[in-house]
Amino acid sequence: MLPLALFNAFAQQNSLFARQTKIIAAVSGGMDSVLMARLLHAARHDFVIAHCNFQLRGDEALRDQAFCQQLAADLNVPFHTINFDTTTYATTHKISIQMAARDMRYTWFEELRLQLGFDVIALAHHQNDTIETILLNLTRGTGIAGLHGIRPKVGNLVRPLLFLSREEVIAIVKAEKIDYVEDSSNASVKYARNKIRHEVVPKLKELNPNLENTFQEHLQHFAELEELFEMQLEDLRSKLFVKHLQEIQIPISELQKLKPQQLLIFGLLKPFGFNVTSVNDLIDSLGKHAGRKFEATDWNLILDRDKVIISPAQTEQNLTATIDEQTDRSQFGNSQFTITHTIPPYEIVNNLNIAAVDAALLNYPLSIRTWQLGDYFYPLGMKTRKKLSDFFIGQKVPVHRKSQVPVLVNGNGDIIWVAGFRVDNRYKITPGTKKISIFELTEL
């Protein structure tokens with residue numbers, strides 16, 4: 001007999017769906033998803049069957065597709081299917097076949113949900129899938145977040161079979177004589193999840209035959225611990241994170257005070273893609289190696305003298321721009337230069353983003369570029385030259401920012417202005433100046 005009462009109770013307790021909820025049932029043809037579809041049908045829910053053919057198993061994949069179409073016909077529900085070129089997608093995106101299949105199916109399920117105006121997508125994970133996921137997460141080092149396993153509901157995804165173990169699913173399918181198809185790749189141990197399923201979990205069950213129930217009893221504790229930990233992290237972020245444009249700055253002195261340090265710093269940096277190894281290296285470098293850089297996929301982390309700076313990863317590029325006598329506006333990376341001209345008298349403003357210089361000394365075309373090794377200039381008020389590298393150190397410019405500072409260069413090679421910092425003393429306005437060129441820097 002189908003466990004309809006338990007199915008309905010689990011759905012109600014976890015707010016998975018109600019009587020009026022429109023459901024997309026993701027059905028592969030295997031026993032888990034077929035049982036889910038039959039339970040949805042027995043409970044008289046409004047649902048459709050959606051099936052993905054990843055075109056990885058030839059005729060077997062076509063057999064699964066045809067089986068799911070017939071199942072939909074037998075249950076008198078609409079059927080939707082799609083064929084994916086999984087191998088090409090994986091190659092193009094440089095990811096594994098398993099990740100490619102996962103990305104494509106979840107994307108399509110959500111597109112279909114929106115297209116049909118449905119509410120949720122039902123997936124047929126059971127308790128053993130949760131055990132496998134937790135063990136996989138532990139081997140991959142996902143931290144506390146990996147311990148809660150698979151949740152019954154996340155956004156528009158619901159998992160109404162999590163009240164059943166694999167053995168219970170098998171027993172129900174056998175007792176009810178429910179037809180299904182077997183994916184031959186499930187027996188292969190070349191995939192990490194299958195290796196855990198076929199080799200690791202059986203050994204653990206020798207130690208604890210009641211393994212599924214043991215895990216299930218602890219899942220709520222894990223979820224509550226994660227919630228408590230996230231609350232602590234949010235409180236720390238609000239206290240420690242200082243936002244400056246696109247950057248986040250964190251005082252090193254505050255990071256050194258954290259206890260337990262590794263756990264909390266990893267929690268703070270994990271959303272930016274930094275792993276445990278990077279965090280351990282960072283902790284070892286705090287207060288010792290200013291200028292050290294750590295890289296994640298989308299973010300960089302720089303150790304400055306007294307703070308850690310997290311900034312979006314940018315492709316290194318040698319930016320240049322040219323200014324001729326007719327130019328009144330020029331763009332340089334994320335900066336814009338506006339050029340105007342006037343005659344004396346001119347009141348010099350106290351604004352580091354504005355440079356007023358003697359126009360007669362300019363040799364066009366001018367150029368804007370990033371600093372280069374060996375650059376020097378005569379900072380305003382000084383009669384001796386200073387290397388730009390030393391100037392940046394004196395101004396406490398973080399290492400990663402040096403390459404973002406625009407440098408305005410004269411046609412003869414002289415630096416006219418280190419934009420946002422200092423004009424060259426040789427180009428300042430004097431009593432003999434007859435025409436003034438004004439350069440204003442703004443961030444786009």
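Author: Helices (H or I, at least four residues) and strands (E, at least two) are DSSP runs, numbered from the N terminus, and two strands pair if DSSP finds at least two bridges between them. This is a predicted model, in which local features need pLDDT of at least 70, side-chain atom pairs count only at pLDDT 80 or more, and totals for chains, interfaces and linings use all residues. Residues are numbered from 1 along each chain as its sequence is written, and side-chain values use heavy atoms, with hydrogens and water left out.

Reader: In the hairpin of β19 and β20, which residue takes a positive phi?

Author: Strand β19 covers residues 407–409 and strand β20 residues 415–418; they run antiparallel and three bridges join them. Val409 faces Ile415 of β20 across the pair. Five residues sit between the strands, and the one with a positive phi, near 100°, is Gly413.

Reader: And which residue has a positive phi in the turn between β20 and β21?

Author: β20 also pairs with β21 (residues 422–423), again in the antiparallel sense, over two bridges. Here Val418 stands opposite Arg422. The hairpin has three residues between its strands, and the turn residue with a positive phi of about 85° is Gly420.

Reader: Moving to helix α3, what span is expected for it?

Author: The expected span of a helix is 1.5 Å times one less than its number of residues. Helix α3 runs over residues 59–75, so 17 residues count, and from first C-alpha to last it reaches 24 Å. That is close to the expected value, 24 Å.

Reader: How many salt bridges does the structure hold?

Author: Side chains of opposite charge can pair when their charged atoms come close. A salt bridge is counted when a side-chain nitrogen of Lys or Arg is within 4 Å of a carboxyl oxygen of Asp or Glu. By that rule the structure holds 20.

Reader: Glu226 and Arg151 form a salt bridge; how many residues apart in sequence are the parts it ties together?

Author: The closest N and O atoms of Glu226 and Arg151 are 2.8 Å apart. Glu226 is buried at a relative accessible area of 9%, while Arg151 is partly exposed at 33%. Since Glu226 is in helix α9 (residues 211–240) and Arg151 in the loop between α6 (127–140) and β5 (153–154), the parts tied together are 75 residues apart.

Reader: What about Lys195 and Glu199 in helix α8: by about how much of the helix are they separated?

Author: Their side chains meet in a salt bridge, 3.2 Å from N to O. Lys195 is partly exposed, with a relative accessible area of 40%, and Glu199 is partly exposed too, at 37%. Because they are four residues apart in α8, they are separated by about one helical turn.

Reader: Which residues does Ser28 touch?

Author: An unreviewed UniProt entry lists a "binding site" at positions including Ser28; such annotations may be inferred rather than shown by experiment, and are given here with shortened feature names in the numbering used here. Ser28 sits in the loop between β1 (22–26) and α2 and is partly exposed, at 43% relative accessibility. Leaving out residues up to four places away in sequence, Ser28 touches Ser33, His51, Asp64, Cys68 and Val181.

Reader: Is Ser330 buried or exposed?

Author: Ser330 belongs to strand β13 (residues 329–332). Beyond its neighbours within four places in sequence, its contacts include Ala321, Phe337 and Ile368. Its relative accessibility is 8%, so Ser330 counts as buried.

Terms used. Buried < 20%, exposed > 50% of the residue type's maximum accessible area, 1.4 Å probe, protein only. Contact = heavy atoms within 4.5 Å.
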